[in-house]
Structure formats: C-alpha cells, structure tokens
Amino acid sequence: MLARCADPALLEGLPWLMCYLTSGKHMMFYASFGTVLLLLAITAPLALAFGFGGALASRSRIAPLRWFGWLYTSMVRGVPDILFFLFVPIAVDQGLEWLRHKALCDSDAPIRQGNDFVVCAAAKLPLSTDPQWVHEVYGFALAVMAFAVVFGAFAANVLAGAMRAVPRAQLETAEAYGLTQRQVSRRILIPQMWTYAIPGLSNLWMILIKATPLLFLLGVEDIVYWARELGGAKTSAFTYPHPDWRLYYFFAILVFYLLMTWGSERIIGRLTRRLSAGQATLAGEALRKGAA
Amino acid sequence: MTCAETFSNYALRSIGMGERLLPRSDFDLCQQVVLIGSGLIWNLYFAVLALFVGFFIATGLAVARAGRNTLLRKLADGFIFVFRGSPLFIQFFLAYEALVMLPRAGIEIFGFTVATSWLTKAWAGALIVLILNTSAYSAQIFHGALMSVPKGDIEAADAYGLAGWSRFRRITWPTMLRLAWPAYTNEAIFLFHATTLVYFSGFPAFQQRGDALYYANYFADRTFNPFVAYPVAAGYFIVATLLLIWLFGSVNKRLNRHLPGQGGRVRYRPQLVR
C-alpha cells in the first residue's frame, strides 16, 4: 500500500505492524465488516415484510392461506435456525435452476441423475460465463434469502402476538362504525399493534445481530472467513510472516459484536422510553411520575 | 444392506461404535434416518449437561448480581454482558483458538502434569462454552425473577423466623424459579437448538463423529439433495423439542402446585427472551 511498506522484511516493531494492518488483504477484512452491516440493513426490512405477510396470513379468513401462515410461524419453534440456514440457500438455488431448466432447456433428461443435479448450461445460476462478482452477489443474495425466511418467521410470531394484543373492543368499535374488515385492519389493527410489537422486535434485532457470523456457513467471505484466513500461521514465504494469530482476530470480532449489541441496547432503551411516554402502561406512568 | 443391518451398524456411529466407514454411495432413506438419529445423541449430551451445570452457575450469578458485594456484582454483570452480547458462534471459535494455544504437553501444577489436549475436543471444549453461555442467559432470567419476588413473601418468611440460607432455600429460590420458569423453558429450547452449531464452528468432528446436523449436512452434500436429509433432521428436532416442552411443563406444574388455577401450559415463545 504505502511506499515505505514496499519491503516489510526490513521493518520492525510498530512500523511493521502499521504496514501489516494496512495490507490489501486487511483492507478486504475491514470491508467485510461492511458486508455484515449491509446484510443487517437489507435483512431487517425484508424480514419485517416477510413477518408481516406471515402474521396477516395466519389471521386470514381463507383457510389454505391461514394454514400456510400457521406453518410458517410455527416452523421455527421446533427446528434449529441453523438447519434453515443450511437448507434454504441450496433449496432456493435448486428451485430456481429447476424452473429455468423447464423454461430454457429442451432436453427431457431427468434433473436428478443419481447423486447429481443436472440442468443444461443455459439454466445454470449464475451462468458459468458470468464474471466473478455476479457469483458473489448471487451467493450473498441467497444468504439474505435464508436470513429473511428465518427471521421473517420470528417476526411473524412477534407481529401475530402483537395483533392479538390489540384490545378487541377497539376493533369492534371500528366495525360498529361500519368499517369493512380491510379498513379495520389498515386503520386500527396495524397502527395500534406497534406498541405491543416493539419489545419483541427489538429483541429480534439483537438476535439478528448475533446471527450475522453465520454468513460464514453460507460461504460468504465475511469477517469470520477473513479472521481465519488472515490469522492462520504464515511462513516466511509470505510477505508478513507471523505465528497463529487467530485468537486475536476473533477477539477483535468479539469486541465488534459487543459494541454493536451495547450500542443497539442503548438506542432501543431510548426508543422504548419515547414510545411509552403518554401510554396508559406502567412504563408510561413511571415516566409521568418521574417528570412531575 | 437391510434396514436392520444399517441400524446395528450405524445407530451408535456418532459415539464411535459400529461400522467405521460412513456410507459413500447408494444412500438410502434408512441410512439417513439412522445416522442422523445417531447424531442426535450428541445434541442431547450437550443440551442436558450444559443445562444441568448451567442451572447452578446461573443461580449463583443471579444471587451475586442481586447481592450487596460490589465486586461480585460487577463480576457477574461483566460475565453476563460478554456472553449475552456476543454471538455463540464467535465464542466457539475464540474458545477453540484459546484452548489450542495451551501447551500440548500439559501444564505443571505443584509437580503434577495436567493434560490439556482433551480440552480442544468438542465434547469438553464446546461443552464448556455452552455451559458458560447458557449460564449467562439463564442468570439474566433468574435475576429478573429474583427482582420480582413479592415483598410480602419475604416479610412472611421473616415473621416465621426464617433467615439466611433457610429463607433462601425455602422461600426466595422456589418463588424465583416459579417466576422464571416460562422464560427458562424458552432458554432451554434455544440452547438445545444451539447445540447444532458445535460442529460447524472451530471444533472438528473427530473420526466423523458428529451431531445430527453434521450428518444431515454430510448427506445433503453427497447426494446434492437437501430435500431428504434436512427434513429428517428437522423431524428429530421437532420431536425432541416437544419432549423438552412436556418435561419443562411438568416441572412448571410442580412449581405452581400450591397456587389454585395456576400452572397451566407454558406458552412457548421461541427465542423472544434472548
């Protein structure tokens, strides 16, 4: 990177460390923290949307839709989330390739031949001619999909609970005013449920933060990948030889996560305070008394 | 190979008994069901031991946190903050790297050589991490419950002349458990599900002895078909989770047996306490 880092073998002590920490590989390590934040930024709203759909579906008057909503919200109760992280990306990938195979290939050969999954070259996702970044984006998109499905199911649980918590009398009043079911949902149910949903959703956010290192399992080059890559012992064949430093790298990641959760907790605390102001709840009452 | 043969060869494969070689080709459903079920032994081993040991540590931490000793309180606070604030996955990696750094020949203490190599094995190293992790989460739950023990209960205990240890054992602790139990049930289920992470983090599966998800992943990779092995593993976990809910529900009934009209079902709200 820098000019004085041209020959690290001549450096020692602090200058060596500075050069080491600004090497190209390390820049990719720092950038992978951005990957984690990007995942959080994309997954959170997507999971909320999935959860919203799931919660509404589980209250639907159409029976098959209700069953689907029930299945979706209850699947995360008995099955470990890690299983979904392993299952969803490969299932989605194969599903998409199967659809493209049906549409784009004109061979009648079966897709599953023994232990192989065979589609024609045109149906491959991404195409083998695509540049490297397309493969990476596709892998990341599959990871986002897995996170959105799992956390959508959690969010659906929270939101369904919040919808049940809205006092029945409020909905009945709206019905008595002649609002249709749809209007009741849109104007009363959904605006009113947020107060009840906030504690569950903020909890979910903390769980989501702590689930992000699982990106490593999905084959994305995230912070865990780089920590293992950079921390492993390097012989003198490398520009910066050093013994096994993985412990320090993982310690740095631990500190990163502690900061993330600590900061989130503080922000959520403030948010809860603001939202409970003026509410007819114990927290709101405590705020009122404190101010007086 | 018939299904009965598969069963006798592979039912205890995950703890190193029976056939050494895993199936390599011609996978059938029976092999997948048997091997994944065999792996479940490890999930149960981790969950039962971690919950058992963690329960006592958590009680101690909760009491320390509620106590008057500033040093103990700060220590408990710090412990809970670190283990609740960071991902379990990273804790596994960090613990493994730390344990690998221990001298391979063992540590000399008072002339005795204490072997250390067993600590890097999953059965010990991962178990320690799981114990510490569940201790921190349970301590948070127990502390919350301890804070909401009704004042009247304590005053009644005082009036009966109960104090110190006997008051804690007979009044405070049972009430704390009763209040904490629904949340603690959720924690137990979450921990049970978290045991699937062990063999995907730093800890290697010695001689391919892994847990249920390790074998499910093995089959899904070899057959390139996720639609058989993963649902089989999911089925095992659903059954085990229902058993766990039933077990904790009956403890809940016992804890609440003196209360009229109480002690109904524990409503399981997954992970929302974490």
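Author: Start with a cut-off: a residue is buried if 20 or more other C-beta atoms lie within 10 Å of its own, exposed if 12 or fewer, and partly exposed in between. Bear in mind that this is a predicted model.

Reader: What makes B:F224 partly exposed?

Author: B:F224 has 15 other C-beta atoms within 10 Å. B:F224 sits in the loop between helix 8 and helix 9 (226–255) of chain B.

Reader: Why does B:Q207 count as exposed?

Author: B:Q207 has 10 C-beta neighbours inside 10 Å. Exposed means 12 or fewer, so B:Q207 qualifies. Its place is the loop between helix 7 (164–194) and helix 8 (212–223) of chain B.

Reader: How is chain B built up?

Author: Chain B has nine helices and two strands. From the N terminus on, the order is α-α-α-α-β-β-α-α-α-α-α. Of the 274 residues in chain B, 41% are buried.

Reader: How do you know that the length of helix 4 of chain B agrees with its residue count?

Author: Helix 4 of chain B covers residues 88–100, which is 13 residues. The expected span is 1.5 Å times one less than the number of residues. That gives 18 Å, and the end C-alpha atoms are 18 Å apart, so the two agree.

Reader: Why call helix 4 of chain B mostly covered?

Author: In helix 4 of chain B, 11 of the 13 residues are buried. Among them are B:L88, B:F92 and B:Y96.

Reader: What makes helix 4 of chain B oblique to helix 5 of chain B?

Author: Their axes come within 10 Å and cross at roughly 135°. Roughly perpendicular ends at 115, and roughly antiparallel needs over 145. The angle falls between those limits, so helix 4 of chain B is oblique to helix 5 of chain B. The crossing is right-handed.

Reader: Which residues of helix 4 and helix 5 of chain B make the contact?

Author: Helix 4 of chain B contributes B:L88, B:Q91, B:F92, B:A95, B:Y96 and B:L99. Helix 5 of chain B brings B:G125, B:A126, B:I128, B:V129 and B:N133. By class, eight are nonpolar, three are polar and none is charged.

Technical notes. Residues numbered from 1 in each chain as written. Chains lettered and ligands numbered in written order. Predicted model: local features only at pLDDT ≥ 70, side-chain atom pairs only at ≥ 80, totals over all residues. Helix = DSSP H or I, 4+ residues; strand = E, 2+ residues; numbered from the N terminus. Axes fitted to C-alpha atoms, helices over the stretch in contact; angles between N-to-C directions. Parallel < 35°, antiparallel > 145°, perpendicular 65-115°, else oblique. Left-handed = near helix turned anticlockwise from the far one by under 90°. Contact = placed C-beta atoms within 7 Å. Nonpolar A, V, L, I, M, F, W, Y, C, P; charged D, E, K, R; others polar.
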